[in-house]
Structure formats: structure tokens, C-alpha cells
Amino acid sequence: QLQNGNSVIAPGVAEKIKRDVTSITLIFSSKMGDKIYHMPWLNDWLPMLEKYVLGPLGVPANQIIRMQFANMPQGSDIDFHLDKNAWVGSSHRVHVPIITHPDVFFLTQTKSPGEDDRELLRIKANVGEAYEFNNAMPHAVHNLGPSRVHLIIDWVHSPIDVNTLINVKPGEICNNSRGNKTLRCAPSDDSKIMKEEL
């Protein structure tokens with residue numbers, strides 16, 4: 001991606017939970033959800049996504065705080081986890097399956113951690129469908145078949161203040177390290193950005 005004009009998020013804590021999962025990030029947010037980062041490839045993808053996905057879903061682009069294509073290769077796992085930080089509580093998570101099959105096991109708990117009688121629900125996703133789920137609840141994915149690709153969209157009810165938008169430059173690596181409330185981006189040849197503690 002870096003060589004082809006996009007920017008990337010440096011590997012961090014999430015990669016310990018989402019081993020082998022790769023992504024193309026188009027929009028990212030700070031942990032508080034108060035800064036929104038537009039990656040360079042967003043400009044290329046947005047017209048098609050608005051026409052075929054966002055428009056039919058009724059999700060305006062100016063209300064998206066995170067958006068990525070996520071690829072799970074065969075045999076990959078996403079361990080049980082729940083998404084944290086302030087952005088989660090203020091947004092809706094929508095999955096749009098692009099490539100999928102019956103051998104993907106997407107599991108979510110139906111009750112909050114600590115509640116009695118927690119149950120697991122398997123979410124079966126088909127191409128051409130979209131679903132919203134509460135990513136603040138524990139969830140996990142196991143892929144027994146070929147690659148699975150989803151477009152993942154996190155959106156909010158009100159338009160984003162244009163003063164909170166940051167356009168990331170092509171070829172930059174962004175670090176979302178612990179303790180930082182915002183994303184730090186630098187040219188890919190800046191080795192310091194990769195050495196920050198994640």
C-alpha cells in the first residue's frame with residue numbers, strides 16, 4: 001500500500017488479537033473519536049462506495065469515523081475481544097461482506113460480560129447483505145475456508161466537524177500506540193514512528 005500511494009497503521013495491540021488479518025484502512029479515528037483521519041486511497045474508493053454501499057445503507061460519508069476492508073485468510077482467527085475507547089460508544093459498527101463463505105464462524109455474546117446465562121450467537125453473513133452489531137460486546141471470528149473480506153464501517157449520527165478531519169499524506173505510517181490519544185503519522189522512512197511503544 002505504501003508503494004502505491006496509501007498510508008498504513010503500524011502494527012499494534014490489535015494485531016495480537018487479529019493475527020494474520022490484513023486491512024486497507026480508508027478512514028480512522030482517534031481513540032476519543034474526536035479526530036478523523038482520511039487515508040489517501042479514500043479519494044479513489046469513495047465514489048464507488050457511495051454509489052453501491054453507503055448510499056443504499058443511508059450512511060453519509062461525512063458521518064463515518066472508521067472504514068476499512070478487512071481480509072481474513074484461510075485458517076486465521078480473531079480472538080474473543082471487545083472494542084474499547086470512547087469512539088466505540090458513540091458509533092455503529094456495520095459489516096458488509098464482500099467475499100465470504102459458510103466456513104466463517106463469527107461469534108458474539110448476547111449479554112454483557114458478568115451477566116448470567118451468557119449465550120453465543122453465530123452471525124451468518126452473505127454477500128449482498130449488511131449487518132450491524134454491537135462491537136462493545138465480546139466477539140470472535142474463525143475462518144476455516146478461503147479468504148473472507150468485509151468492508152467494516154463505523155458511523156455516527158451527526159455529521160463530522162470538518163475541523164476534526166486530518167488528511168494523511170501518501171506513504172505515511174501512522175502509529176496508534178498506547179498512551180497516545182491521537183494517531184501520529186510520519187513518512188515511512190522515519191524509523192522513529194515504528195519504534196514507539198505499541
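A disulfide is a pair of cysteine sulfur atoms within 2.5 Å. By this rule the protein holds 1 disulfide. The model you see is predicted, so to speak for local features a pLDDT of at least 70 is needed, side-chain atom pairs count only at pLDDT 80 or more, and totals for chains, interfaces and linings use all residues. Residues are numbered from 1 along each chain as its sequence is written, and side-chain values use heavy atoms, with hydrogens and water left out.

**The disulfide**

The bond joins C174 to C185, with an S to S distance of 2.1 Å. This pair links distant parts of the chain, 11 residues apart: C174 lies in strand β13 (residues 172-175) and C185 in strand β14 (residues 184-187). Helices (H or I, at least four residues) and strands (E, at least two) are DSSP runs, numbered from the N terminus. The torsion about the S-S bond of C174 and C185 is about 110 degrees, so the disulfide is right-handed.

Are the two cysteines buried or exposed? Buried means under 20% relative accessible area, exposed over 50%, and partly exposed in between (1.4 Å probe, protein chains only). C174 has 0% relative accessibility and therefore counts as buried. C185, at 28%, is partly exposed.

**Strands side by side**

In total, the protein has 4 helices and 14 strands. Two strands pair if DSSP finds at least two bridges between them. Strand β6 (residues 92-99) has the two antiparallel pairings listed here.

**The protein overall**

Of its 198 residues, 42% count as buried. Contact means heavy atoms within 4.5 Å. Among contacts between residues at least 6 apart in sequence, 74% join residues at least 24 apart. The accessible surface comes to about 10,700 Å², and 53% of that belongs to carbon and sulfur atoms. Such areas come from the Shrake-Rupley method with a 1.4 Å probe; for residues, only the protein chains shown count as cover.

**How confident is the prediction?**

pLDDT is the predictor's confidence in each residue, from 0 to 100. The protein averages 86, and 88% of the residues score at least 70. Confidence is highest in helix α2 (residues 42-57), at a mean of 97, and lowest in helix α4 (residues 191-195), at 50. Where pLDDT is low, the predicted coordinates should not be read in detail.
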